[in-house]
Amino acid sequence: RAKNFAYQPIAAINSDRMKSESKIRLFISKNSGVLSTLLKLAVVAVLMFSASSFFQADLASLTAFALALLQNRFVYGFLVFLSTLGALLVGLYVCVFVRFKPKELKFDALDEEKRAAAFPPGYPNSWWKLCDSEEVRPGEVKEINILGRRFAVFRTEDGVISALDAYCPHLAANLSQGKVVGNSLECPFHAWRFGPDGQCVDIPYAKNIPKNAATRSWDLKELWGMVMIWYHCDGIPPTWELEDLPELCGDNPYTFRFKFRAEVNMHVQDFAENGPDSAHFAPVHQEMTIPFARYLFKIRHVTSWRNGEFGSDTHHMGYFADDADLMFQWSESDIIPNAGARVAATFHGPGLVVFRFSTALGEILLVKSFTPIAPLKQRMDDRVFASPKTWNLLVKYIILEANTQFGQDIQLWSRKSYSHKPLIVKEDGNILGVRRWYKQFYTKNSRRGMDLSW
Ligand code: FES
Ligand SMILES: [Fe+2]
């Protein structure tokens, strides 16, 4: 009975959050603005309408074109022709770029708790993405819940970013409901003020500030347009650092294109194990983004994985490469020239990966992060950059193709368990190598299973 009693509130919190947050949407998401969503819906409605009368419309336009030609009304005929072509192109664009929510999986809280217990600890020691830099502007405060904790993240008027434990040390109000005043964060309850280092700097009605009046301030680092937070289960300061990406600095830096966020019900380690798992590409990753393309084409992946060297300053890095080539379905060996993409992915710790796609038409950089919100719930963030002259449409297409593939993985990740002693054959790829590498991010006190300590 005691166990049941302890379990109830957790179940309530979990099932609620899982119901509302287990959605994966690409371009129409709950974060899309009302106007853009309405616009997209309108485009879809028009297309559905025109699709139903597509053949008639097409016939009608061709007939009109022919008639116009007969009557020498070239301009009119040309306009009709152009608009038909335009409608077809818009149709193709919508088919490819406007996606609808895939079949929604249901997550039962008790099941998830059991599933979590089978996995390694949910919060590896590492740098994790807290938020995008632009999410917290000077003078703003925001509540961010990751790593099983609640953070009040604020930026001073001077631009210094800070993440504090959200509960005020006075009477535990939530500091993220407060406001930024100058260079401190003011609690909404009794107006105590805290500096970026977590130290209380003002109690408006008291003569003395107790020395221990402070809330915990976390190690942050701002780079690549993101705010990273250091987490170690023993509170140890950072043991390795993140560095600038050459593509984002220098004379001709890549330009930022777009970002995307979703939540997925999986353990963070499964993402790293996926790359070297060479045997899953054929069964899982056949589907392509353009409808029906898979009847014509297939993608061949040749992959490899290498660990950063233990004991060196790249111990936290992992290197994954994938040569993806496009082939005709019926061909065994001939690749279609210039249609493939070389993908090199570099892991900076367990949850931050930089993908470099090089295509015949330009270079694309995808910064993908997985941040554990709970042991089996990750916030997946994409930040996409590309070499200055790369067409945005190409960038969108390549990233969409990659994310379609992640989508296929996610379906599996969110239902699988974890085997500590997997049955592996020689051809399986270096999955055990990834596991050896990943072990460095867990220490004795890393906790297994659900931890809702906030
Ligand atoms: S609870 Fe924050 S000042 Fe009282
Ligand atoms: Fe995969």
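Mentor: A polar contact is a pair of N or O atoms within 3.5 Å; within protein, one must be able to donate a hydrogen and the other to accept it. Keep that cut-off in hand. Remember too that this model is predicted.

Trainee: Where does histidine 232 lie?

Mentor: Histidine 232 sits in the loop between β10 (226–231) and β11 (255–264).

Trainee: Is histidine 232 buried or exposed?

Mentor: Apply the threshold: buried means under 20% relative accessible area. Histidine 232 has 9%, so it is buried.

Trainee: What does the side chain of histidine 232 meet?

Mentor: One polar contact, of 3.4 Å, links it to the side chain of asparagine 125. Setting aside neighbours within four places in sequence, histidine 232 is in contact with Asn125 and Thr443.

Trainee: Now the nonpolar core. Which residues of the largest one touch the most other members?

Mentor: The general idea comes first. In soluble globular proteins, nonpolar side chains tend to be buried together. Here the largest nonpolar core has 69 residues, and Leu130, Ile229, Phe271, Phe355, Phe357 and Val367 touch the most other members. Helix α8 (residues 392–413) gives the most to this core, with eight residues.

Trainee: Why does this core lie between domain 2 and domain 3?

Mentor: Because domain 2 (126–221) and domain 3 (243–441) both give residues to it. A second, separate core has 15 residues, including Ala152, Phe154, Trp192 and Cys200.

Trainee: What is phenylalanine 271 in contact with?

Mentor: Leave aside its neighbours within four places in sequence. Its contacts then include Met266, Phe347, Val353, Phe355, Phe406 and Trp413.

Trainee: Which way do β13 and β14 run, and how many bridges join them?

Mentor: Strand β13 (residues 317–328) and β14 run antiparallel, joined by eight bridges. Follow one bridge: glycine 318 has phenylalanine 347 of β14 as its partner.

Trainee: What about β14 and β15?

Mentor: β14 also pairs with strand β15 (residues 352–359), in the antiparallel sense, over six bridges. Threonine 346 stands opposite valine 354 in β15. The two strands, β14 and β15, form a hairpin with three residues between them. Check the turn: glycine 349 has a positive phi of about 80°.

Trainee: And the chain as a whole?

Mentor: The chain has nine helices and 17 strands. Of its 454 residues, 46% count as buried.

Conventions: Residues numbered from 1 in each chain as written. Chains lettered and ligands numbered in written order. Predicted model: local features only at pLDDT ≥ 70, side-chain atom pairs only at ≥ 80, totals over all residues. Heavy atoms only, no water. Core = buried A, V, L, I, M, F, W, Y, C linked by side-chain atoms within 4.5 Å. Buried < 20%, exposed > 50% of the residue type's maximum accessible area, 1.4 Å probe, protein only. Helix = DSSP H or I, 4+ residues; strand = E, 2+ residues; numbered from the N terminus. Domains from an automatic or database assignment. Contact = heavy atoms within 4.5 Å. Pairing = 2+ DSSP bridges.
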